[in-house]
Amino acid sequence: MGREIRRVPLDFDWPLDTIWEGFLMPDRLDSLPCPACDHGRGSSGWTAEAAALDRTFYPGYGHTGWHDKLEQDEVDRLVHEGRLRRRMWREPTPDNPRDREWVTVPRTAAEVNAANGPGASLMDTLAHDGINRGILVAFRCEKLGVPSTCTQCDGRGGIEAYPGQFAEAEAWEPTDPPAGYGWQLWETASEGSPISPVFASADLLAEWMAEPERGRDWVPQEAARKFIDAGWAPTAMGNAAEGIRPGVEAIGWASSK
């Protein structure tokens, strides 16, 4: 998420602060609810057995939860699926210059359960997220010999509102706006939309970015020009010495050092 520079035609007139149409996937959310997998909490894509396991994964409403009571084969499945990673230091090589990387390593059930039990930190690398939860629900159904996926909607949690809706969404690919000689500032916090007029040069865009009327989005012209050369910046950057600053400004000053 952040800001980026795009080169567009000088007469490009897409509305500001409006997501570019080529970045909008056909909306799967307009599908119809699937009655076969509505088990009292909305269409989920789960069978009744899987929905019960999903509902009881964490404690509450009379059940103790099983998120911290995994068996070793369930932990092994998470590892097999590339979960439960650990950041490892390694010697850089020409093919991989990074000095550390995330790798999946064997884990014990006791270790994983302890990291998810009472008093555990949500920031622990062994803490479960929604992906882990889905993998574990499906695997426990497999062990119990019961189906996990709704056959009517194929696990999507909805049925097509019109024939070919899902195929259309799966075949969709984003398309960039047309290229040209203009300079324009875009935001990438959403799918992507223009947030400045189109200018004939990078210097003119930098002048616009440096206008005090832009309020908190104002950035010194020198930093703006260097950001434009860089082409992209996150929404914000920071460190202990300088605190949090807009990413455009931080990238601009950093590129001058």
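Which residues of α2 are buried? I began with this question, working on a predicted model.

**Entry 1: helix α2**

I looked up burial along α2 and found Glu 74, Val 75, Leu 78 and Val 79 as its buried residues. Viewed down the helix axis, these buried residues fall within an arc of 145 degrees, so they line one face of α2. Glu 74 has a relative accessibility of 0%.

I went on to the charged side chains. Side chains of opposite charge can pair when their charged atoms come close. I noted 14 salt bridges in the count.

Which residue forms a salt bridge with Asp 73? The partner is Lys 143, with the closest N and O atoms 3.2 Å apart. Asp 73 lies in helix α2 (residues 72-80) and Lys 143 in helix α4 (residues 130-144), so this pair ties together parts that are 70 residues apart in sequence. Asp 73 is partly exposed at 32% relative accessible area, and Lys 143 is partly exposed at 33%.

Lys 143 also meets Glu 74 in a salt bridge, at 3.5 Å from N to O. This pair again links distant parts of the chain, with Lys 143 in helix α4 and Glu 74 in helix α2, 69 residues apart. Is Glu 74 buried or exposed? Glu 74 counts as buried, because its relative accessibility of 0% is under the 20% cut-off.

I then followed the network of salt bridges around these residues. It links Glu 71, Asp 73, Glu 74, Arg 140 and Lys 143.

**Entry 2: Asp 68 and Lys 69**

I looked up another salt bridge, between the side chains of Asp 68 and Lys 69, and noted 3.1 Å from N to O. Asp 68 is buried, with 18% relative accessible area, whereas Lys 69 is partly exposed at 43%.

I turned to the strands. Strands of a sheet pair through backbone hydrogen bonds, either parallel or antiparallel.

In what order do the strands of the open sheet of four run? The order is β7-β6-β1-β8, and the pairing is antiparallel. β7 (193-194) and β8 stand at the edges with a single partner strand each, so one side of each has no neighbour in the sheet.

I checked the pairing of β1 on both sides. With strand β6 (residues 182-187), β1 pairs in the antiparallel sense over six bridges. With strand β8 (residues 232-234), β1 also pairs in the antiparallel sense, over three bridges. For individual positions I noted that Arg 6 has Gln 184 of β6 as its bridge partner. Towards β8, Arg 3 stands opposite Ala 233, and Glu 4 has Trp 232 as its bridge partner.

How many residues of strand β1 (residues 2-8) are buried? Five of the seven are buried, so β1 is largely enclosed by the rest of the structure.

**Entry 3: helix α6**

I repeated the burial check on helix α6 (residues 202-209). Its buried residues include Ala 202, Leu 205, Ala 206, Trp 208 and Met 209. They cover an arc of only 160 degrees around the axis, which puts them on the same side of α6.

Most residues other than glycine have a negative phi, and most peptide bonds are trans.

Asp 17 is not a glycine, yet its phi is positive, at about 60 degrees. Where does Asp 17 lie? It lies in the loop between β1 and β2 (32-33). Asp 17 counts as exposed, at 61% relative accessibility.

Asp 154 also has a positive phi of about 60 degrees without being a glycine. Asp 154 is in the loop between α4 and β5 (158-159), and is exposed with a relative accessible area of 56%.

**Entry 4: the second largest pocket**

Last, I looked up the second largest pocket and noted about 240 Å³ of space in it. Eleven residues line this pocket, and those closest to its centre are Arg 83, Arg 85, Thr 125, Ala 127 and Asp 129. By class, the lining has four nonpolar, four polar and three charged residues.

Note on methods:
Residues are numbered from 1 along each chain as its sequence is written. This is a predicted model: local features need pLDDT of at least 70, side-chain atom pairs count only at pLDDT 80 or more; totals for chains, interfaces and linings use all residues. Side-chain values use heavy atoms; hydrogens and water are left out. A salt bridge is a side-chain nitrogen of Lys or Arg within 4 Å of a carboxyl oxygen of Asp or Glu. Buried means under 20% relative accessible area, exposed over 50%, partly exposed in between (1.4 Å probe, protein chains only). Helices (H or I, at least four residues) and strands (E, at least two) are DSSP runs, numbered from the N terminus. Two strands pair if DSSP finds at least two bridges between them. On a 1 Å grid over the protein atoms alone, a cavity is a set of points where a 1.4 Å probe fits but cannot get out, and a pocket is an open set with protein on both sides within 12 Å along at least five of seven lines; lining residues have an atom within 4 Å of a point. Grid points are joined across faces, edges and corners, and a volume is the space filled by probe spheres set on the points. Ala, Val, Leu, Ile, Met, Phe, Trp, Tyr, Cys and Pro count as nonpolar, Asp, Glu, Lys and Arg as charged, and the others, Gly among them, as polar. The arc is that of the directions from the helix axis to the C-beta atoms.
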